[in-house]
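I opened my notebook to get to know a new structure. Come along, and I will jot down what I looked up, entry by entry.

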Amino acid sequence: MHELSIALAVVEGAGEAARRHGADAVESVRLRVGELSGVVADALRFSFEVAAAGTSLAGAGLRIEEVAARARCRACAEEFAPGAPPLLWCPECGESGTELVAGRELEIVGVTLPEGRPCPGSGAAGGATGGEGVMCRIVDLRQAVPAKNDGLAAALREELAGRGVTAVNLLSSPGSGKTALLELLLARAVERGLPVAALTADLATENDARRLARSGAPVRQVLTGGLCHLEADGLRGHLEGWLPDGTRLLFVENVGNLVCPAAYDLGETLRVVLMSVTEGEDKPAKYPMAFGLANLVVLSKTDLAGAAGFDGDAFAEHVERVNPGVEVLRTSARTGEGVGELLERITAVGAGRRPHRPPLAGPHLRGYRHGHDHGHGREQAHDHGHDHGHGHRHEPAPGVLRLEPDTGLPVR
């Protein structure tokens, strides 16, 4: 469950704050959760109770402040509610150069600790926690729940970049054809003499590693033991002592899941989200965070589009709704369509081409791909000037499908 991983991080963060302030118990924790964070509040409350059992947070209350989504147009400065699934085109001027300014928050606002001032709810103080006569103190944190993971991801990204490695995080549902496509990508890279390696994650079996090893590339299997996603710390551990020197391209095949993996930065250079034509053209609308945070979207099994009755125009509209301007590439592991183009697209990023920046990332929300941990108990993010605020689009790489802004249909 995605919320259980978050609850464990909340318990860890709040517990560390309590220890820093000399407390051995926590009365309550206050969170801010954005509308587009992908978190279900009731599920998080249940998971928090489970995660807190046997810790200093056992029995602590959990207060959740839900934050409505807001987006801003960089062209005309109009602010608007993007809705659900989010529509990130400006309703005022029609530009796609928008950014999310609220709605993806996942933050520990503060913790209430026993002893000190009267607790909220203990008579005169008012509120919802604490009994009569109980003394508490409130500690403000303003700490992103995934702050630890994001800090580790930023360090790993810097380390890999220093070694000249382009890391690609591949996300998809089970059965999308991700492994078959990756096998072809690895084989093409090996044929070209490109130093490439792959790490593949699954809950059980080493089947995918055996398949991918047929390409001739170094491959490592990661068994998560039931965990529904990879995290930066675990990825670093699996790369240490294994990633061959001189590797220039690293593929990370994430666990087959479009919910949990979307929330975790692994330190990748490029995030690629795949779906097959057999999964339904409305999948981007059903999983807006996964597709909305992609640097590149790949449509797989295109050789089955006719048999599946796949509506390419509707698919294009759904992708463009949640991630305006993202490039979409059609591929087929059976026919080889788009495989060479996809490899070219990835190597171009390694050569310095700037990836698409998803509007859902938002410059203030965890600084997607650019976050820095300043050690002040809160995260700060920076916009390093990669988007120029003109609402324009960059020319796509060869073989990459571009969507028309007015219709959401592919450019031919």
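**Entry 1: H2**

I began with H2, which, neighbours within four places in sequence aside, is in contact with G38, V39, V259, C260, A263 and Y264; contact here means heavy atoms within 4.5 Å. I noted that the model is a predicted one, where local features need pLDDT of at least 70 and side-chain atom pairs count only at pLDDT 80 or more, while totals for chains, interfaces and linings use all residues. Residues are numbered from 1 along each chain as its sequence is written, and side-chain values use heavy atoms, with hydrogens and water left out.

I found H2 in helix α1. Helices (H or I, at least four residues) and strands (E, at least two) are DSSP runs, numbered from the N terminus. Is H2 buried or exposed? H2 is buried, with a relative accessible area of 5%. For these words I used a 1.4 Å probe and protein chains only: buried is under 20% relative accessible area, exposed is over 50%, and partly exposed is in between. I also checked UniProt, where an unreviewed entry lists H2 under "binding site". UniProt positions are given in the numbering used here, feature names are shortened, and annotations may be inferred rather than shown by experiment.

**Entry 2: the chain as a whole**

I stepped back and found 11 helices and 16 strands in the chain. Of its 412 residues, 52% count as buried. Among contacts with a separation of 6 or more, 71% are between residues 24 or more positions apart.

I returned to α1, which covers residues 2-20 and holds S5. S5 is buried at a relative accessible area of 12%. Not counting residues up to four places away in sequence, S5 touches L227, H229 and Y264.

Next I looked up the largest pocket, with a volume of about 870 Å³. On a 1 Å grid over the protein atoms alone, a pocket is an open set of points where a 1.4 Å probe fits, with protein on both sides within 12 Å along at least five of seven lines; lining residues have an atom within 4 Å of a point. Grid points are joined across faces, edges and corners, and the volume is the space filled by probe spheres set on the points.

α1 gives the most, with 10 residues. By class, I read 28 nonpolar, eight polar and 10 charged residues in the lining. Here Ala, Val, Leu, Ile, Met, Phe, Trp, Tyr, Cys and Pro count as nonpolar, Asp, Glu, Lys and Arg as charged, and the others, Gly among them, as polar.

**Entry 3: the cores**

I looked for the largest nonpolar core and found 31 residues in it, with V29, L44, F48, L57 and V111 having the most contacts inside it. Such a core is a set of buried Ala, Val, Leu, Ile, Met, Phe, Trp, Tyr and Cys residues joined through side-chain atoms within 4.5 Å. Two or more residues each come from α1, β1 (28-34), α2 (41-52), β2 (61-67), β6 (106-118) and β7 (135-144). α1 gives the most to this core, with seven residues. Apart from this core lies another of 26 residues, among them V168, L182, L212 and L274.

I found C76 in the loop between β3 (70-73) and β4 (79-80). C76 is partly exposed at 33% relative accessible area, whereas C90 is buried at 3%. C90 sits in the loop between β4 and β5 (98-102). Neighbours within four places aside, the contacts of C90 include C73 and C76.

**Entry 4: backbone details**

I noted a cis peptide bond joining A84 and P85, with omega about -5°. P85 is in the loop between β4 and β5. A77, which is not a glycine, has a positive phi near 70°, and A77 is exposed at 51% relative accessibility.
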